[in-house]
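Okay, thanks for coming, everyone. Let me put the structure up and then talk through a couple of spots in it.

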Amino acid sequence: MAIVHINKDNFEQEVTNSASTVLLDFWATWCGPCQMLAPVLEQVAAERPDITIGKIDVDESSELAMQFNVRNIPKLVVVKNGKAVAEQVGYCPKDKVLSLLS
């Protein structure tokens with residue numbers, strides 16, 4: 001599935017009401033580790049079409065960052081049935097991202 005840019009306007013539709021598992025990526029344009037994680041998430045999106053990857057820019061969507069208690073980025077949060085079930089802070093390789101989803 002494609003990578004979707006999430007903000008407060010589409011959060012409910014894309015995350016809360018999603019039938020699929022959603023991997024949220026809290027990131028910022030100025031964050032080096034976030035930039036390193038981006039191609040990893042593109043690979044995961046290609047390999048796992050059953051999940052949705054949602055990118056949330058913490059500078060543009062600070063209220064969502066506060067809702068998920070984001071203190072450091074990148075932060076990945078796995079959401080199933082509208083509930084956060086797993087999270088990872090900092091850069092991680094593809095195998096770690098995939099294991100987070102299982």
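I'll go through the cysteines, and then one lysine.

Quick housekeeping: this is a predicted model, so local features need pLDDT of at least 70, side-chain atom pairs count only at pLDDT 80 or more, and totals for chains, interfaces and linings use all residues. Residues are numbered from 1 along each chain as its sequence is written, and side-chain values use heavy atoms, with hydrogens and water left out.

So, how many disulfides does the structure hold? One, where a disulfide is a pair of cysteine sulfur atoms within 2.5 Å. Cys31 and Cys34 are the partners, with S to S at 2.4 Å. The torsion about their S-S bond is about 75°, so this disulfide is right-handed. Cys31 is buried, at 4% relative accessibility; buried here means under 20% relative accessible area, exposed over 50%, partly exposed in between, with a 1.4 Å probe and protein chains only. Cys34 is buried too, at 2%.

What about Cys92? Cys92 is in no disulfide, and the nearest cysteine sulfur, on Cys34, is 11 Å away. Cys92 also counts as buried, at 2% relative accessibility.

Now the lysine. Lys55 sits in strand S3, residues 51-57 (strands are DSSP runs of E, at least two residues, numbered from the N terminus). Is Lys55 buried or exposed? Buried, with a relative accessible area of 11%. Its side chain makes a polar contact of 2.6 Å with the side chain of Asp25; that term means a pair of N or O atoms within 3.5 Å, and within protein one must be able to donate a hydrogen and the other to accept it, with residues adjacent in sequence counting only if both atoms are side-chain atoms.

Note on methods:
Helices (H or I, at least four residues) and strands (E, at least two) are DSSP runs, numbered from the N terminus.
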